[in-house]
Structures are given as structure tokens and as C-alpha cells.
Number of protein chains: 4
Amino acid sequence: MKAAIIGGTGYGAIELIRLIHNHPFLEVGSVISNSQAGHNFSESYPHLTEIINQPLESFDLDRLTEQNDIVFLATPSGVSSKMAPQLVDKGIKVIDLSGDFRLRSQSEYETWYKHTAPEKHYLSKAVYGLSEIYAEEIKGASFIANPGCYPTATTLGLIPILKANLADKKSVIIDAKSGVSGAGRGLSLTTHYAEINENIKAYKLGAHQHIPEIEQVLKDETGSLITISFSTHLVPMNRGIMITAYVNLTGNVSTNEVNELYREFYKNHPFVRIRPEGIYPATKEVQGSNYCDIGLHVDPRTNRLTIVSVIDNLVKGAAGQAIQNANLMNDWDVRTGLNSIPMYP
Amino acid sequence: MKAAIIGGTGYGAIELIRLIHNHPFLEVGSVISNSQAGHNFSESYPHLTEIINQPLESFDLDRLTEQNDIVFLATPSGVSSKMAPQLVDKGIKVIDLSGDFRLRSQSEYETWYKHTAPEKHYLSKAVYGLSEIYAEEIKGASFIANPGCYPTATTLGLIPILKANLADKKSVIIDAKSGVSGAGRGLSLTTHYAEINENIKAYKLGAHQHIPEIEQVLKDETGSLITISFSTHLVPMNRGIMITAYVNLTGNVSTNEVNELYREFYKNHPFVRIRPEGIYPATKEVQGSNYCDIGLHVDPRTNRLTIVSVIDNLVKGAAGQAIQNANLMNDWDVRTGLNSIPMYP
Amino acid sequence: MKAAIIGGTGYGAIELIRLIHNHPFLEVGSVISNSQAGHNFSESYPHLTEIINQPLESFDLDRLTEQNDIVFLATPSGVSSKMAPQLVDKGIKVIDLSGDFRLRSQSEYETWYKHTAPEKHYLSKAVYGLSEIYAEEIKGASFIANPGCYPTATTLGLIPILKANLADKKSVIIDAKSGVSGAGRGLSLTTHYAEINENIKAYKLGAHQHIPEIEQVLKDETGSLITISFSTHLVPMNRGIMITAYVNLTGNVSTNEVNELYREFYKNHPFVRIRPEGIYPATKEVQGSNYCDIGLHVDPRTNRLTIVSVIDNLVKGAAGQAIQNANLMNDWDVRTGLNSIPMYP
Amino acid sequence: MKAAIIGGTGYGAIELIRLIHNHPFLEVGSVISNSQAGHNFSESYPHLTEIINQPLESFDLDRLTEQNDIVFLATPSGVSSKMAPQLVDKGIKVIDLSGDFRLRSQSEYETWYKHTAPEKHYLSKAVYGLSEIYAEEIKGASFIANPGCYPTATTLGLIPILKANLADKKSVIIDAKSGVSGAGRGLSLTTHYAEINENIKAYKLGAHQHIPEIEQVLKDETGSLITISFSTHLVPMNRGIMITAYVNLTGNVSTNEVNELYREFYKNHPFVRIRPEGIYPATKEVQGSNYCDIGLHVDPRTNRLTIVSVIDNLVKGAAGQAIQNANLMNDWDVRTGLNSIPMYP
């Protein structure tokens, strides 16, 4: 099955190519970059020399849909909203990695993203691709809104305790830390090496566009409106997201009981791993892989649960989950092409 | 005034030497390291070649107190508890950078530090050296328990809002991130380069020995028992601590009003700087300096205050605050020898 | 085919497991660690949770050779020299990643390694596993001495120009830079995070034990005794080696001509890639992969050739080349299991 | 004495401000940035909050020369060439940190810098400010061309052996490694965090504009035309340059004898420190300081000398040496304001 990738010179596209290359049923088809069309890939990415030899192409709807069987959009927000509908109308399977089709509410989208929302028609067509939670919906879908990196780590960490009705829904605080590749390949002072190396930087406190996405999932899963505190921090490393979440428990449960709850919840989901009591995951332990590793701690002094959830932002937080969704859409084993061991150290 | 340093081969001692070297009224006196006695300093620390030429000495109580006017103990917990009392009895001024004399309660100490507490007599003699808060007590003191790195960043960030009675005291959550130098120069797998580079690691959730220290200060300042949630994370950089603290507000105050409250609170304290609304400090902005920079954000969606407080763990979190305390003890301007600009980038 | 790994808790073993897991014809058999026998792997390496579930075993010659078809020794120098002969005598295929069987001369070994050399009998049995150069010998071999990381990057970079008789053999200078994982998982002050982060450190100038290994290969390939200058530097990153080599040219050749020479030399070797004129490889461009990428520059001002050669020290410099050799020994395509794209960024 | 700084928002200017702030006889005067004129400094550099409160100014020749006693140009090449002559004509002392007035030959300048050279008149007025070597000329000068970072580390490392006539002048090879701050604060893909973190990158082999600067100094010092091989590498850290230089020795000298030669050569120069035999400097050992530390190794196998020379590129390689030159111009002790201990770790 030929997979086209649009937005071919960003880190998301590059990671898609890496993963598709290892996938037994997918192969890299057209790679689209309007700005670099006609150039060889290895000019922008020498690590692909002699691996991907085809030139980058410009976007041509007919050619694209004829020559490919599935399209991954690794385009920025605002670009996907224009391209995805054309592709969806052509009937080709589409997985969009941007934030454009994740929020069902146009007004929420416009509040947080500060530009025009896609049409309602397409918003309602898109299935939110949080693979472990919406596997059934994804199986029947042809248009997927692939989740954001922060929302993936956060919702996988929070859903089991919230669905079990063991936590005060007014108490949810998420302290998120991300490696710098999450900001993409576009240049900015914030991602200039000498500025962010040897530095931790808090940014967009209470203002990150992933907040409504997380709240939408939590509402869908619990039936309640959950308003979260969400802080984001940039940390000097390439890959990895850790979220540390805090919720007040409403009853008496031990760390061990919470661990059991999570293990049970994810027992059929090979990419979520629960650490034993007293052990917390580190981002390096999922580097380059599609795992989401979770550690849990109930503090008896405060009766508060601390949840540590880590992913590789470019894999489970983007390209990996997109492949996982492609597997679901095609009824392949969810691990197909994603079976590799994290790169350590 | 001659300043002796005990524990001469750790990072705390090295930072004391760097700062004392720039101090107009202090000079480096004896440097004590029982394990390296007789060796030249530049064998362990080539950066001190031709700057500190004296050999390391072994601990000799009489010689030490004769040849020096003040003693800085940069020794580990458990060592200070044995050495400091001998020095205090000799009548020399002592500033202890370890955790041994910070907790007034022996049983709290033994619960969290897991070894025998110092004698009550010396615990009650020690003045807790959080310079901005206890300046008056420090001025008259001859024995200082210098605060921990996490407690310094945390308490300076929390005291104004808690003292103003604007926060729910049951709601205090502190998410702390530290550079790796905080773990010292002793070897461990956790601080092995390839393990912690490109990694964020959560550790000692709810179990860090700085918890009772923070709670003691908050109780002293507010009169209330405040039980905190406190999580610590190791981040791949050498220096710097950021704490992100969360408290539920009890009334309606804006970010601007909280900013004003903090500015007023610290107006006579040159080492605490408050960022304007919408700007949050980054650890690099205090690198190598004694500043504690604070940014504040009231989220109207949750009526929760987020506090971002950063220090250089080796300066304001250790050696710098020790010098600041020496300045107070000697009635020198608090900035003496600490006036340098953060090293950027 | 079952592959046993001895020395199971070092980075070399971990990388072997990662690569074998992706190999269609090999699977992880016994994993031996005398110090950790009986423990679960995920205690030392949580990233392997739910992937490698078997316990670590102690070394038992009979059991090992019965239950496995090939053995990888990822043991330190001095340990391999004792274990490998026992395995070789049992007739099982052995690939040793240590330096113990690379030098044919016992006295050279003892000069540079400072301990007793293995027996002559086994030294002469071992085939040096520089896969691109000795493919034929490796195909027929049952005992491989896998090359060192520095020698791999260096010899692949130097052999074409030296064999072409275009360089002054007295002029060979190699300036090598390595990431920190090359020093292994054993603790040392040199690899303590705060010491080597934000630092470049020169070490073992003219004294590295890889010098005689490089000189032996160059002599084998050119027939001449070539005495090299070889300097090693530690650089603050996990993975990657770059060698920058300098040779005086004996005739007039352009960068383009040298490029052609190298392309021709390696045309049947998919893991060596030559950059076009004016482009030099960076270590990240081979990260996690088995590639050796080479860039070349003839400086007309000095008539000197500069060669830049990069590898991932844990893959092409250790575990990857070991798998490549296993492929050769078994007459599988040399790319089997090694076909993945470098992880970028 | 009031010191104006032009080019106020680059790293060179920021480091000048840090150093001038600690200088007893200099104080920060006007800070000029045409692009940011009218803005507060702390908008661009929050670490200067409450330290530098004056706004950035636009360039006004009369006001500038009236209100200041000395001018530091931290402007890029091509800008200095236009501004410096105006200032020189006004009679104010000028220290230019750019490359514009370092090369005496206009044609050499235009070959390597690819734009128009300054007028001959001003080129011949500028004194090259390599402080240890040209102290006498600098003392009488009013216009200084401050050396480049690579040339400083390189020439201080090479001059003693070359002047002693102990080295083959055709054999000089310099392998240089630099931290990323050397590339400045301007955005580029090369200095984008995720690109250069976990990476070593070779660039501008044999093509760096510092080559003619080094060759000019070596010719001035030895009387011979010395053509060098010069390779530059970017290393993932903020500060620090290491050069590893190789020269063939013409006679028999031991490492110890070369060490003595260097110690003797620099005995009156406090900022150059020679390591003992077998010890090589690391860049962290000079971090934040004006030192140039040198280690030496004679390899008896090749009779080649390896020289390792390290500096902080922003201090001894830029702002620190500029202050050192201001000290010389004003007949102050060369250490004035530069006396601080390297920041370690």
C-alpha cells in the first residue's frame, strides 16, 4: 500500500518515512513539499541518502490520489484545514497530524488556534485517533485527526483514574515537559541552540492550544466538563515528553491498587506499559518507540495521585500513532511496523 | 576575613571558592578534605591551576579555628552533624550547607534523613538561613543552617501568596525540575552521562528530604500546617532549578495584582526579581548568579495561581546564599561579592 | 537461529538485543550476566519491560552452547580472552566485540592493553571482522574479532586513498571525536554528567589501544608499516564518532576525483555512503544505523586530503557490524536486520 | 571611564556588559542597537532585568563620542568597516570585535570575506589585539582589531614552537572544535537546537575566513609564509573552543622540554596556563574566564607534537580579550576586571 506524505520537510514527515520504511505493508509513495518540489530529499536530509531517492513533488490532487492509497498530512495547522477536505472528497484514506480536525467545536478551535476553523462537515467526519481509546471508531474510519503529543501522554495517563470515578474532577493539574523537536524545524529564537541548551523554559502557561483537545477527550470519556491547569516547559533534549499530572483522590486507594487499575485498563494495549510501585518512567525509556510508559504514586500525606506519563513526541506523539491508526484502519495487528525496541541510551 | 571551607572537593566547595575569590572582604583560608589532604587542588580541579595553589588539608580543629574567621561546611549530611558542633563550641562563625541543622525536630529529621539527628542543643542554636525572609535573625547569628536548593526556590515563590491569605493551604503542589549538578560529584548510575543526557527522570515522588524543610518554613511563615505535594525531576543540564507551583486562590485576584503583591513583598531584596505579566523566567537567566526570578500566572478558568521560580542551584541554592548569609552576619551590604551578572548564554 | 549474548548489562549488549529483535533470522537466546544472574532484565533496563521477559543467566558453557546457535561476546577486554576460547572449542559460532582477539601480535597486545594476551592458537583463528574489507574471510569464519569503533570509522575512511597509492604514508594524522556512550556503562568521573556535559575533553593522545589495531589493518591493506598520529576527544553527546583524518597527497587529484575513487571502492557496499563535494557528514546523519558516511576535501593550498568519516559507535562501531558479520557468516544479505533509517533528529 | 557598546543585542555585546559590570574602572555607557533602539534591554535579555535599565539607543556619532570614553564594536563584519572609521576620525578609542580590520591586505580580505575591504588608511591604523603577543603595540594604540576566537586559541598554541624553530613549517594542521554560541544569535538551520544537539558537524573545511588571519600572525612571528590546514567542527555545547594542532618536529625534544619552552614563553602572561605532561585541558576548565589553557604531547613514534589549546570563545575569544586590550591601552594591570575563576561545572 502506497503512503503519500505531505509536508515532506518537517520532522513529522521524516519520522513517518523512518517508520513506513520498516512497515511490511506500507511503502513510501509520493512525498509532497511545495517549497522544495523538484529537489532531492537528501539535500534537506542527508541521512536519507541512497535510501529515499525520489524527488520531492508539488501538490497535485489527481496525481496524488491516483498514485497512493493513503495520505499522511504532516502539514502545519491552517494548511491541513485546506488540503484534507479535498483529499477526503476524493475518497482516499487520510490521516492528518495537525491540530485542525481534532476539536469538534469551531468556536473552540478559533479561540485557541486564532484562525478560521475548517467546515463543520469535515470536522464531524474526522475520527479522533487516540488509538488505545478509540480503536473501534478508528477501524471504520477513513479520515483520522491524529492526536497532539501533549494530549496523547496526558489523556492516556488520566483516563483510567477519571473513568473509575476515583478523582476529584476539579483538581486536575498537568505539568508537561517537552524536548525541543516538538517545536518543529522552523527557526525561532526559542529553539536557537544557545538559548535553550542548558535551560528550562516555561511557556504558554494556561494558554496552550492542546488544552481544549485534552478537555474534549476527558469530557467524552467521563461525561463531565473537566477544566484543567496545564503548564508546558521546554527541556534541553531532542525527543521526549513527560507529563506529571496531579489529581485529588476521592477515596482511599493505595498505589498498588491504582497500578492494578491501570494494568487492567490497558491489558489489551501493548504500547502502554505500567511501571511497578516506586518506579517512574524516564523519557529515554521510550526513545524512538511507540510506547507510552506510566508510573503512579499515591501520596498518603495528601491523598493525591501523581501520574508520570512519557512518550516519544515524534513517535507515539505523532508519526507512530499515525501508523498505529493506519494499522487499525486496515485491520492489521496494531504493532505492525512499530515493533522496534526503544533506542537506549 | 579568612574563610575556611570543609568538604573541599565537592561542587559546593568549588562554587564557594569561586564566589569568595570575588568577594572584597573574604579570602579563601584553609580548604579541608580528609580524603585528598596533602594533594594540590588543581589535581582534582585543573580550572583552579595557578589560582588556588595551597594544598588540601586534613581537619584539625585547633589549627582551623586559629587560622580562619568563618567556616563554611560543604560536607554531606551526616558529616556536618558531627563537625559543626565542635566548631560552634569553639566560638567561630559557622555556615553549614548540609541538611543537618535545618529541621528543628529530631524525629522529622530521622524520618526523612534515615540517620541519627544532631543534638537538640545545636539544632536550636542554628538559624535557618533563608536570607530574604530571616535577615534579622541571621544578622545576630553565629551558626547558620543554609537552606536546600529546592526549598529556596520553593519558599521564595510561595511565601508571598500564602502570607497574604489568598491561597487554599490544602492545595499546594510543587513540580520541581533540577539540573544534574545538584546531585553532587559522587558517582551514580543516575548521573552517568549517557543515562541522563537526552532524558527527563522523575524521582523520589513525595519522598524527598526537602519536603519537611519546606513545610517547616511555610508553617513558620503562615502559622498553619501546610502539607505539600512535591515531585522532583532530573533534567539534562548542569545548573539550574525551576519549580512550578500550583495553588488554588481563595478570592478573585488578577495576575497583575499578584505581581504587585510580589514586587511589594520583595522590594528591598535585590536578589528576587518578578517578571512582568505573560513572561516567565528560564533557568539560564540566573545562571551563575544569586538571583531568584519569579513569574506568575492566574488562570481565570480554574482560579489557580501558577508560580514559576528559578535559581542557580549552586549559587542561590547553595554557595551564593551562604555568602549572602555571611554578608548579613557581618553587616555588609547583602550584595557584597554577589554582584555579578548571570552568564548568558 | 538463537543468539546468545554475554555481558548482558552493557550498552553493547543492549544494542545487540535491539538489533536482533528486528532481525528476521535471529532471535535473542540466552542473555548472560554473572553479576545480575537471576534478575529480570527490566530491573536494569526498564525500556525492555514486556519485550525481553527472560531472566539474566550465569555463564554455563554446556547449557549455553546447547541452547544457542551463535554467541556474541559483549564482554570487556580481559574477560573475552578467557571465555571465547572455551566457546570456540565447543564449535559454536562466536563474535567477540572486545579488543582481545583483534591484534595478531601478542606483544603488541600486551604493550597497549597492559595485560596478558590470549593464546596464539586462538589469535590466529580469529578473523578480523571489518565487514566491507574482509567480507570473503568472514564468510568462511566461525570466530570473529569485531573491530573497535574508532578503527572502523578510521580504516574505512583511509583505505581507499592509501591503497590507491595517492598519499604519503608518513603523513597520516587522525583527529577522533566520540560521544560518551563509547566509554560504556561503568561509572567514572570522566563520564559523570556534570563533568563532561558542556565540555570537550582530549584524552589518551598517542596512547589509545586502538592505534595498533588501525596500524595492523593499514599494513595488511597497503603492505607498508604506517605509523599514525591518533588523538581522541570526548564530546558531549550520547552516540556517534567522527574522525577527521589528514593525509598529504603525492600527486595532483581533485576532490571530485577522490570522491569518484571512494564511490568506486565502496560501490558494492551499501553501508558506506560518500557525500558530494562540499558536503561533509554529521554524526546525527547515521544515528541508530549501520552506515559509515564519508566526506572528502582536497585543499589545493596544501595538497592535503581531509577525510571526515562518521558512524554510530554502538551500531557500525559495535553491535551493528557484529550483526553484519553474522549475516556474512550465514550467507544472508548483508543488510538483513540492519535496514532501518537513521533516527533523525 | 564610560564604555559604549555597539551591536547591543548579540552575544558578544552581552558578554562585554557582563565583564564591564565587574570592572573597577569601566562602566557601561551607551548601548547601541539600531534595530532595537528605544526598547529596554531586558525585553531581549531578561537576565539583565534590574541590572541594565537604560534603553537601547540608535547610532548617533556626536552623542556617542561625547558621552563615552571608549567604544566596543560588537557588530558583524561589513558593519564595523563602515562605523569604525567614523569613530576613529573622532579620536575616541575603538576596539572592534569583528573581522573587518584584522587582515592588512585588502585583497586577502575580499577573497575570504567576499565583500569590500575597508580603506587602506584604517587598516594600517588598526593594531591587531592578540594581547599576549602584541602587548607593547596595543599599549600605544587607539584602534584595536580584536582577534577572532579560532585565531586566538590557535596562535597562542602554535607561536612558541614555531618561533623556536623546532617545527616543520609545512606541516601545520589545526583541527578546531567550537561550541555553538560562536555562530551568534542569528537564526540558521545549523544552529537550530534539534539539528546540532547530539551531533558533531564539520563545516567550511579549508575555507574558514579565520585562515588568513592565522597565517598573517604566524608569518609576522616567524618571518615565513606558513600555509595551514584548518578544519572547523561544531560541537553540541554553548561555550568553548578547543583546537588540536599537529606539527612535525625537526629535532628531538621531549614533551617535558616543550612544556618548559611554553612555560618560559608565557611566564609573564597570567592568562595562559600550561598543563603538566600527560594532562590536557578541557574547555570547561576555562568556562566564563579569560584563560587560554594549553596541553602538549610529543609522540616519539612519529616525532610529531600535538598541541591542545582551549578558550571560552566569548571571553578570551571575544569580549574578554577586548577588555584585556582596554586594560593595556589604559596602562591598567592586564587582569583588571578579568580576575574571576572559571565557572565549574
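Helices (H or I, at least four residues) and strands (E, at least two) are DSSP runs, numbered from the N terminus. This is a predicted model, in which local features need pLDDT of at least 70 and side-chain atom pairs count only at pLDDT 80 or more, while totals for chains, interfaces and linings use all residues. Residues are numbered from 1 along each chain as its sequence is written, chains are lettered from A and ligands numbered from 1 in the order in which they are written, and side-chain values use heavy atoms, with hydrogens and water left out.

In chain D, 6 strands form an open sheet with parallel pairing, in the order S2-S1-S3-S4-S6-S5. Its edge strands, S2 (27-32) and S5 (127-128) of chain D, each pair on one side only. Two strands count as paired if DSSP finds at least two bridges between them; strands S4 (residues 93-96) and S6 (residues 143-145) of chain D are joined in the parallel sense by 3 bridges. Asp96(D) is opposite Ala145(D) in S6(D).

A nonpolar core is a set of buried Ala, Val, Leu, Ile, Met, Phe, Trp, Tyr and Cys residues joined through side-chain atoms within 4.5 Å. Buried means under 20% relative accessible area, exposed over 50%, and partly exposed in between (1.4 Å probe, protein chains only). The largest such core has 401 residues, and Phe72(A), Phe72(B), Phe72(C) and Phe72(D) are those with the most contacts inside it. With contact meaning heavy atoms within 4.5 Å, and leaving aside residues up to four places away in sequence, Phe72(A) touches residues including Ile5(A), Leu16(A), Ile95(A), Leu97(A) and Ile323(A).

The structure holds 80 salt bridges over all chains, each a side-chain nitrogen of Lys or Arg within 4 Å of a carboxyl oxygen of Asp or Glu. One of them pairs Arg239(C) with Glu15(C), whose closest N and O atoms are 2.8 Å apart. This pair links distant parts of the chain, 224 residues apart: Arg239(C) is in the loop between strands S9 (229-234) and S10 (241-248) of chain C, and Glu15(C) is in helix H1 (residues 11-21) of chain C. Both Arg239(C) and Glu15(C) are buried.

In chain D, the side chains of Glu136(D) and Lys139(D) form a salt bridge at 3.6 Å, N to O. These residues are about one helical turn apart because they are 3 residues from each other in helix H7 (residues 135-139) of chain D. Glu136(D) is exposed, at 59% relative accessible area, whereas Lys139(D) is partly exposed at 35%. Glu221(D) and Lys163(D) also meet in a salt bridge, at 3.0 Å, N to O. Glu221(D) lies in helix H10 (residues 211-222) and Lys163(D) in helix H8 (residues 149-163) of chain D, so this pair ties together parts that are 58 residues apart in sequence. Glu221(D) is buried, with a relative accessible area of 16%, and Lys163(D) is partly exposed at 44%.

Some backbone details remain. The peptide bond from Tyr344(A) to Pro345(A) is cis, with omega near 5 degrees, and Pro345(A) is in the segment after helix H12 (315-329) of chain A. Glu198(D), a residue other than glycine, has a positive phi, near 55 degrees. Glu198(D) is located in the loop between helix H9 (193-196) and strand S8 (201-203) of chain D, and is buried with a relative accessible area of 5%.
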